[in-house]
Amino acid sequence: MIKRVDLYYNVEWVISHHRYGLLMLLLVAFSFIPDRTIAIVLSFLFGVELILRTGLVRHKQKTNPYKSSLNMKLDLLFLVFDTLALLSLLATALDLQMLLGEEGNAARFFRALYLLRVLRMFRYIDIQSLMFSPGYGMFVSLVVMLSFFVQGTLLWGIVIFFGVEVIIRFVLLQNMQFSTRRDRLVEWGFWFADVVATMVMVPGLMTTPYANVLRAIRLVRLVRPWMVIVRNVGKVFREGDFGQEIVLVMLLLSVLSISGGVFAHYCMEGFDFSQDGVLSSTDENLFVQVWFSFRTLMAAGNLVQDPLGNDNLALFSILGVVMGMFILAFFIGIGSTIISGLMAKLRNEKLVIANHLVMIGWNGASPFIVEKLKMISDQRFSRLKLVFLSETRQHPVGLESWVTFRWGDTEEVASLQRVNLGSARQVLVCTDDSLKPAQELSQNLFSLMAIRQVNPNIPISYTVMGMVEPRLPSYRHMLQVGWDKVGFYNKPTVLMSEPDMRANLIRNVLLYQDVDQVLLRLMIPEREDESRMQVVDWSGNIIFHQQQCYCRDGGREVLLSEVMRRCFAQGVLLVAVADADMQVYPLNALSTDVAVVAVMGLAMDNATLYGEFDACFKQQIDPLEAVSVCCELSLKKRPAEVKILAIGWIGALGLVLKRLLDSYQRIQLILLDELSEDACDELLDYVLVRISDMEGAADRMTVDVRYWDFSDMEALRSHICWADKVIVSRPAGIIKKPHAMVASVLSHMFTLAEEESRKPAMFAIVDTRNQARMLQKELDRFTLQMDVNVLVPMEFYGTYVAHTSYLMYASTTPEVFDMHRALRYLLDSMMSDNSDEGVPLSLDVLPYRATEKVIESGDMYAALLAQGWIWLGFRIDAAIVDEVTAPGLLMRMFPRRYEFQCFRQLEIMINPMGNPQSMNVWENYQQHIIELIVIRKR
């Protein structure tokens with residue numbers, strides 16, 4: 001039986017799917033057939049949907065950020081619309097009009113009520129994103145013009161459309177942060193004008209004495225779109241200086257028309273210049289002859305009668321075509337230039353949206369960031385409004401079509417106002433990866449000042465392609481401003497270093513090869529119905545008494561381990577709590593009292609985390625019994641020494657080695673690359689400098705950088721016999737298709753390892769997920785004795801940036817932002833190696849061998865928790881991957897956009913009781929489980 005949380009998730013997924021929206025639009029259209037049977041069936045279907053939507057809103061509204069966001073208000077508004085639409089269907093199903101007769105006000109009311117069912121259509125139209133766009137303004141203009149010519153049902157439909165629109169805009173404007181008071185007054189002024197214009201469209205007002213005046217008030221709705229168009233047309237004219245060209249063409253046309261008219265007046269008697277079929281005095285009028293000449297030029301080639309009467313029709317037609325097309329070409333050229341300039345202005349017009357995320361700049365991580373932002377937005381069922389501000393008009397490669405594009409100087413106030421930064425909720429700055437450290441520092445600092453001038457309080461996140469350490473010992477962070485003595489620039493700002501993240505990634509996978517895929521799943525899972533790290537607000541206390549921890553909520557006190565076990569049985573993994581200072585306390589390492597303000601853990605959504613945690617204090621349940629599992633479980637023993645062979649360019653190599661020293665007593669590294677002797681010495685000096693500040697590093701580490709020709713594969717034989725771990729990356733000097741070199745080296749490494757009977761742990765580093773997937777498909781085709789982990793460091797970094805930026809974007813209040821900040825501290829610590837700072841937690845694996853007796857998942861969780869490990873998931877062998885991950889009927893009917901781009905993800909199951917797939921594997925396929933994934937104390 002599907003658990004309640006799965007039901008809620010699947011319901012939300014289905015009703016948010018575009019296929020479901022199209023189906024509902026079809027049913028709404030079908031409901032207008034005046035048949036009671038159809039109305040009864042649709043009333044039942046829409047009633048069930050309304051009940052599910054109401055339950056879903058109640059499920060989510062207990063937690064932040066949903067209960068403090070605009071999404072909840074819109075959901076409640078649409079529930080009202082759905083209720084009215086359902087009433088209109090019930091009027092047909094119960095045949096109320098027939099009971100009341102065909103006449104009378106009540107009967108007319110119920111006939112009008114039928115139109116309310118079109119309100120359901122607004123749920124499936126993204127009015128919030130459309131209503132401030134120029135295209136939507138043009139559509140409104142057409143609808144307003146149409147309202148002057150229609151009556152009855154169609155006019156009522158227009159009134160309902162505009163009525164719903166002003167109600168939605170009212171909700172949106174109440175939740176908009178305006179950059180200036182003038183902007184607020186202008187938007188509310190337009191809203192009041194649109195309300196008046198909508199009210200005068202009501203058909204009953206057309207019988208009043210001032211009906212024509214009231215009808216004209218509808219034109220007020222045209223002010224906004226046409227004001228924008230007229231203003232930009234004026235700019236195009238001023239910038240293009242088209243006045244002289246137009247005057248020149250008009251002068252040429254006037255001269256030709258007047259000359260032709262004068263020639264006709266004196267030389268062409270007896271011709272029907274008025275083209276009315278009758279020769280009269282009108283044909284002798286000079287103005288008529290001039291008009292005939294003008295019309296002949298403008299209707300080039302359409303002359304059908306010889307004005308000279310001597311078979312010169314062909315001559316006149318040719319002259320008319322040549323001269324007319326010549327003049328028309330001038331008009332068409334000028335007109336197309338004006339239209340092109342106008343459209344360019346409109347496409348770069350100031351945005352009138354709010355609560356959006358602004359992305360400034362582009363670098364190598366940006367395509368991954370955009371992709372992951374879309375993924376996390378889809379999974380959280382929210383429409384993320386992302387606006388990209390570029391330095392040029394050229395769209396960068398990788399910028400998806402759903403992103404709003406604007407261009408301009410990213411350090412000018414006018415450009416930042418163009419993307420309405422003052423009303424934005426968060427900004428993400430992507431630093432150019434071609435800059436030198438000094439340029440990167442200065443440009444980031446100046447962009448910080450420019451952004452803070454437009455919106456002083458907006459959260460900012462930076463993707464930094466270099467290191468983010470302060471440049472002065474007295475500075476707390478890299479972008480500290482020396483003259484800021486009041487903390488103006490110390491507003492929420494996150495600096496995310498790509499080399500630092502790359503070093504953490506490589507260091508971690510060398511210790512546990514699947515750590516990157518597990519961390520990706522904790523941040524943005526690719527399986528839609530899978531658990532991820534969540535954080536919720538909760539006020540209570542954890543009391544440490546007699547070596548036991550108790551959770552206290554009001555008058556109820558429950559043992560912490562019991563709370564964790566009960567939550568685990570409901571698909572929730574509790575990991576940590578945070579206090580008012582946002583200090584994070586892992587639940588498997590508590591030894592002090594904590595005044596809790598936030599709870600962190602794995603769940604399908606934050607409502608599930610809150611609901612299951614809170615239920616432990618509101619239900620009187622008998623205490624759980626202690627259990628013991630007869631199964632030998634221990635962490636893999638890590639050798640004291642490691643020998644690493646690195647082939648090609650390894651970014652942040654010094655940082656990788658420095659952080660590996662916390663895990664190994666001795667490290668030996670040989671790096672092979674196609675570098676000159678001087679370049680090898682320079683790289684070696686750089687690595688030694690990076691590790692020199694770590695005490696004892698020089699004695700514990702041996703680094704050797706050598707030249708190697710990437711075609712001399714036999715030279716690798718001695719190295720493959722020596723190395724414990726092999727990292728293959730692109731050559732430092734190769735830019736074009738470097739992944740091909742990685743595949744070539746891997747191919748030869750497999751042969752050498754087999755011939756020498758060696759099985760080193762192998763890691764390949766590529767640039768994109770498509771390259772990695774192609775390589776993984778090729779490796780998966782064959783039965784191999786060695787495992788290769790294909791890494792995409794930029795994708796990992798992009799996922800982390802997107803996750804952090806989205807959580808900042810979703811923070812509607814300072815309290816919510818602090819909660820998300822604590823969650824980021826937790827994830828940072830799990831990726832870090834610093835045991836002195838942060839939260840002392842790490843990911844690790846326990847080798848697992850199934851017993852003949854099937855172990856209950858709750859018993860296994862309790863046994864691991866007793867040893868200080870939080871059970872996170874497990875990895876299966878490849879034998880049952882296709883069987884347990886096969887899409888079900890719901891998946892096939894409403895397919896997901898993303899489903900395991902990395903092949904290694906197929907073998908990893910996160911949260912054993914969190915979804916039907918992992919539950920099925922644990923209960924029926926324990927013999928195929930290879931490893932248990934745990935969170936341990938560092």
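## A briefing on the chain and its salt bridges

The accessible surface of the chain comes to about 43700 Å², and carbon and sulfur atoms hold 58% of that area. Please keep in mind that this is a predicted model. The chain contains 34 helices and 22 strands, and a search of the whole structure turns up 28 salt bridges. Here is a tour, from the overall picture to some individual pairs.

**Overall picture**

- The chain has 938 residues, and 52% of them count as buried.
- Among contacts in the chain with a separation of 6 or more, 78% are between residues 24 or more positions apart.
- There are 88 positive and 100 negative charges in the chain, and their mean positions lie 6 Å apart.

- Strand E8 (residues 548–553) and strand E9 (residues 556–559) run antiparallel and are joined by four bridges.
- Within this pairing, Tyr550 has Leu559 in E9 as its bridge partner.
- Two residues sit between the strands of the hairpin, where Gly554 adopts a positive phi near 70°.

**Salt bridges around Glu795**

- Glu795 forms a salt bridge with the side chain of Lys372, at 3.6 Å from N to O.
- Lys372 belongs to helix H16 (residues 366–379) and Glu795 to helix H29 (residues 793–809), so this pair ties together parts that are 423 residues apart in sequence.
- Glu795 also meets the side chain of Arg769 in a salt bridge, with 2.7 Å from N to O.
- Because Arg769 lies in helix H28 (residues 769–780) and Glu795 in helix H29, this pair ties together parts that are 26 residues apart in sequence.
- Lys372 counts as buried at 3% relative accessibility, Glu795 counts as buried at 2%, and Arg769 counts as buried at 6%.

**A pair within one helix**

- The side chains of Arg824 and Asp828 form a salt bridge at 3.2 Å, N to O.
- Arg824 and Asp828 are four residues apart in helix H30 (residues 814–831), so about one helical turn separates them.
- Arg824 counts as buried at 17% relative accessibility, whereas Asp828 is partly exposed, with a relative accessible area of 23%.

**A salt-bridge network**

- Asp514, Asp787, Arg875, Arg904, Glu907 and Glu931 are linked in a network of salt bridges.
- As background, side chains of opposite charge can pair when their charged atoms come close.

Definitions and conventions:
Residues numbered from 1 in each chain as written. Predicted model: local features only at pLDDT ≥ 70, side-chain atom pairs only at ≥ 80, totals over all residues. Heavy atoms only, no water. Buried < 20%, exposed > 50% of the residue type's maximum accessible area, 1.4 Å probe, protein only. Contact = heavy atoms within 4.5 Å. Areas by Shrake-Rupley, 256 points an atom, 1.4 Å probe, with all protein chains shown as cover. Lys, Arg positive; Asp, Glu negative; His and termini not counted. Charge placed at Lys NZ, Arg CZ, Asp CG, Glu CD. Pairing = 2+ DSSP bridges. Salt bridge = Lys/Arg side-chain N within 4 Å of Asp/Glu carboxyl O.
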